[in-house]
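Thanks for asking for a second pair of eyes on this one. Here are my notes, as numbered points to read alongside the structure.

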Amino acid sequence: MNNILTRIVSNDFPRSRVLAVILVGLLLALAFAPFIFPGVKALSVAAKVLVFIVLVASFDLLLGYTGIVSFAHTMFFGIGAYGIAVATTRLGPTWEALAVGLLSSLVLSFVLSLLVGLFSLRVKAIFFAMITLAVASAFQTLASQLSEITGGEDGLSFKVPELLSPSMEFFEQPFLGVSIDGRLLCYYLLFVVTLVLLLSLLRIVNSPFGRVLQAIRENEFRAEAIGYRVVVYRTTSSVLSALFATMAGAMLALWLRYNGPDTSLSFEIMIDVLLIVVIGGMGTIYGAAIGAALFLVAQSYLQDLLRLGSEAAAGLPWLAALLSPDRWLLWLGVLFVLSVYYFPTGVVGRLRAVRIQGTKTRT
Amino acid sequence: MSENLLTLEGVHTHIGAYHILHGVNLTIPKGQLTMLLGRNGAGKTTTLRTIMGLWQASQGKVTFGGRDITQLNTPQIAELNIAYVPESMGIFSDLTVKENMLLAARSARRASQMDADRLKWIFSLFPAVEKFWNHPAGKLSGGQKQMLAVARAIVEPRELLIVDEPSKGLAPAIINNMIDAFAQLKASGVTILLVEQNINFAKRLGGTVAVMDNGVVVHAGSMAELAEDTALQQSLLGLAL
Amino acid sequence: MKTLDFDWKPLALVPLLALGIFPFIGSSSTWITLTVAGLAMGMIIFIIASGLTLVFGLMDVLNFGHGVFIALGAFVATSVLGAMSDYTQSESMLRNMLAVLPAMMVAMGVAGAVGLVFERFIVRPVYGQHLKQILITMGGMIIGEELIKVIWGPAQIPLPMPEGMRGSLLFGDAAIEKYRLIAVAVGLLVFAILAWTLVRTKVGLLIRAGVQDREMVESLGYRIKRLFVGVFVVGSALAGLGGVMWGMYQQSVTPQMGAHVNVLIFIVIIIGGLGSTGGALIGALLVGLMANYTGFLAPKVALFSNIALMAAILLWRPQGIYPVTNR
């Protein structure tokens with residue numbers, strides 16, 4: 001049994017009791033979310049968590065393991081989302097359309113990420129980061145301008161295959177208070193895909209390929225000197241990272257049945273991804289999971305909390321303004337800055353460090 | 001018996017995970033020229049950089065003129081009138097020769113405020129500096145840049161000159177000019193700590209000598225003694241002077 | 001700055017672009033209008049970018065949050081100008097100036113002061129760590145943007161141009177907006193002051209040397225860290241000034257304007273070469289001209305044209321047009 005478990009997580013165990021408990025808890029919470037957390041909003045948050053786990057984990061591959069800073073990540077996310085959106089809008093809500101959409105977006109991402117990856121090697125890291133910022137910005141503008149294809153600013157609303165739509169009722173009676181419909185199926189489809197993709201990423205980063213990536217991140221010169229062709233590894237990592245992000249985008253579109261420039265391409269999403277990967281812990285993959293859950297739950301419910309605080313502080317207008325629920329990003333920003341200082345290794349890193357310290361004192 | 005201007009006691013320096021200096025003990029007597037010899041990788045440059053505060057000593061003490069300077073930062077150390085000429089020369093290629101010199105003259109806010117007599121003396125040692133005064137320093141040849149680097153170090157009176165391999169990569173004729181310049185500097189009473197691998201430097205300039213190997217000083221004494229003892233030369237440096 | 005064989009080729013790019021685009025535009029009066037507009041926009045961008053490029057060149061600090069000073073300056077100006085409406089409503093240019101100049105000064109002061117705080121608490125703790133700098137300065141910008149929303153509200157605020165500055169001057173067939181000429185003048189003034197400081201003062205000398213080899217400057221006895229704080233504050237103040245001018249150019253300000261202009265600034269300093277003021281000027285003029293020409297000829301590709309421009313320049317000179325040596 002242990003052997004099978006080792007193979008599933010590619011020998012990359014949590015390495016911290018607390019972390020393992022949290023991860024198992026998260027897994028269970030997501031697996032049974034429709035039943036544990038009633039209501040439409042809760043399920044939406046859960047689905048978003050799944051999407052972001054994949055998106056952020058793919059970004060961690062690029063940033064945490066390969067050491068490349070790229071702000072163009074949302075571009076691939078958007079390509080995946082638009083792929084599904086455009087395909088179903090044009091070809092109808094069929095499984096074939098989904099396949100076409102997914103495949104074409106993967107191909108487009110492949111080509112673009114190849115170009116971007118190769119370009120990153122010709123310029124210095126700082127240049128590259130700034131250029132990706134510009135490119136992502138341009139892509140977002142492009143998406144809102146090619147309104148014939150992308151629906152412009154308004155985006156595209158579309159139907160999904162019958163099996164996944166809310167109108168498809170599998171059973172007349174609700175089970176444990178939840179109606180067994182297409183929507184539920186869609187959620188579980190996302191859940192399974194997330195699990196598979198996450199474990200694949202674990203497999204990738206723990207493979208010989210992944211180890212070379214880390215070596216390159218630590219000391220590119222030495223890696224090259226030993227004989228690894230840095231170009232090949234970094235480009236491959238860029239491409240893989242982009243492909244996973246594309247799949248995350250497809251997942252998002254499938255769930256929302258809508259996509260627009262702000263849904264998947266906005267700079268806010270890029271910031272969110274950055275926040276999550278830093279708070280969760282870079283270079284851990286697990287950090288993406290925990291970070292995404294923490295972040296999205298906070299995002300949804302922090303606003304409610306702030307609303308309470310704002311009302312309570314009604315007497316002091318400036319305080320009320322600071323605590324206004326619309327200003328939740330301010331507090332998130334503060335949290336982010338604090339985590340970059342005090343928790344550079346993120347939640348996962350912190351938990352693992354505690355564990356190491358614990359074992360040290362015991363021996 | 002001249003006093004010691006600079007003393008290193010038990011200095012260790014780590015660079016990242018690498019332990020380069022393993023307890024360096026070095027004394028630089030005032031008013032003399034001390035040569036720091038040793039093979040490549042012995043730790044000579046690291047010693048100089050540690051003195052200048054560019055790398056922090058992890059252990060030990062550096063004393064200058066009776067004052068503990070181990071924890072001071074680089075600008076503070078330079079302000080004590082210690083001038084440093086690094087191996088890479090540190091020439092600002094986009095600036096003119098004049099601007100390079102002006103930068104080094106801390107008390108001057110404009111070129112006209114630099115000490116004209118001193119400049120004249122410097123020009124006599126290093127004619128190229130005068131010749132290319134208004135030219136970008138990047139246009140100078142390797143030897144001329146080296147001369148500029150040393151000229152910069154003495155544009156104002158300094159207590160201690162720390163020079164790292166001034167003859168590196170230079171043609172023999174230029175090296176002779178360099179040696180002449182250092183001989184004059186030595187004669188003027190400036191305390192000099194010179195790292196060199198060039199034999200002629202050692203032979204012609206004399207003074208005191210310290211030899212490093214594997215991050216420690218393995219021999220210290222007068223150049224005259226070392227010059228006599230060829231066996232010692234072989235064992236310390238792997239070659240005869 | 002340089003003698004004899006001065007690197008003139010990049011300078012030629014600006015007239016090259018301006019003249020090269022002429023056949024596409026056709027009418028000379030339109031061309032003149034667009035060119036002046038482009039130069040004006042370029043000058044405003046230069047004012048903002050100059051601080052950022054020096055900060056990076058001198059201390060290797062990448063401030064992804066530079067945009068917050070732009071927005072701050074613009075918003076402060078709305079408050080100041082709003083309070084001085086009797087000056088701004090006047091038709092007399094002189095009376096307008098009496099409102100605009102204080103607005104600029106206050107904006108610069110506030111931006112500079114915030115810059116001081118920003119450097120101390122956001123930037124200083126992460127010297128030498130590029131990744132953290134990128135992350136943290138972005139975080140700083142988010143916080144700044146939100147605080148602006150707290151103080152001034154999240155909505156767009158109009159920033160009407162003072163009456164005396166409205167309108168155009170006619171040169172033959174070409175109509176040139178008065179404000180754009182003012183912008184060019186201010187930009188040239190800022191450039192002249194910067195250039196004079198860099199070339200003729202010791203501080204400027206220190207900055208130019210520090211951009212090349214920070215360690216050597218310290219070895220010569222200068223506390224370059226203090227100089228850096230000064231440059232950062234001046235850079236932030238300049239961004240504030242640029243924000244005021246940008247706001248007046250667009251006649252409105254939004255809290256997101258910082259992030260929006262940020263992208264343009266980055267393109268400019270990449271084109272110019274990180275650390276080069278002259279490069280930033282040329283880059284800014286090129287970007288300004290390009291934005292206006294494409295805005296007229298093919299509006300949909302405006303943002304792409306700047307990226308294409310950047311790519312083209314990088315293919316020619318991978319480090320930007322005036323790369324700083326020793327980096």
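1. Let me start inside chain B, where 14 residues of domain 1 are in contact with nine residues of domain 2. Please keep in mind throughout that this is a predicted model. On the domain 1 side of that contact, the elements of chain B that give two or more residues are β7 and α7 (172–187). Helix α7(B) gives the most, with five residues. The make-up of this side of domain 1 of chain B is worth a look too: eleven of its residues are nonpolar, three are polar and none is charged.

2. How are the two domains of chain B laid out? The domain assignment gives 1–81 + 160–241 as domain 1 and 94–158 as domain 2. Between the C-alpha centres of domain 1 and domain 2 of chain B there are 24 Å.

3. Next, the open sheet of chain B. Six strands build it, in the order β6-β7-β8-β3-β9-β10, and the pairing is mixed. Its edges are β6 (82–85) and β10 (216–222) of chain B, each of which pairs on one side only. On average, and with direction ignored, neighbouring strands of this sheet are turned by 15 degrees against each other.

4. Within that sheet, have a look at the β7/β8 pair of chain B. Strand β7 (residues 160–164) and strand β8 (residues 191–195) run parallel and are joined by five bridges. One place to check by eye is Ile162(B), whose bridge partner in β8(B) is Leu193(B).

5. Which helices of chain B go with these strands? Helix α6 (residues 142–153) of chain B packs on the sheet, where it touches β6 and β7 of chain B. The direction of α6(B) makes about 170 degrees with that of β6(B).

6. Strand β4 (residues 57–64) of chain B pairs with strand β1 (residues 4–15) of chain B in the antiparallel sense, over six bridges. Strand β4(B) also pairs with strand β5 (residues 67–68) of chain B, again antiparallel, over two bridges.

7. Turning to the chains as a whole, two pairs of chains touch, and the most contacts are between chains A and C. Chain A and chain B, by contrast, are joined by no contact, and their closest C-alpha atoms lie 13 Å apart.

8. Finally, the meeting of chains B and C. Here 17 residues of chain C are in contact with 21 residues of chain B. On the chain C side, α8 (202–212) and α9 (214–219) of chain C each supply at least two residues. Helix α8(C) gives the most, with five residues. The residues of this side of chain C divide into seven charged, five polar and five nonpolar.

How values were computed
Residues numbered from 1 in each chain as written. Chains lettered and ligands numbered in written order. Predicted model: local features only at pLDDT ≥ 70, side-chain atom pairs only at ≥ 80, totals over all residues. Contact = placed C-beta atoms within 7 Å. Helix = DSSP H or I, 4+ residues; strand = E, 2+ residues; numbered from the N terminus. Nonpolar A, V, L, I, M, F, W, Y, C, P; charged D, E, K, R; others polar. Pairing = 2+ DSSP bridges. Axes fitted to C-alpha atoms, helices over the stretch in contact; angles between N-to-C directions. Domains from an automatic or database assignment.
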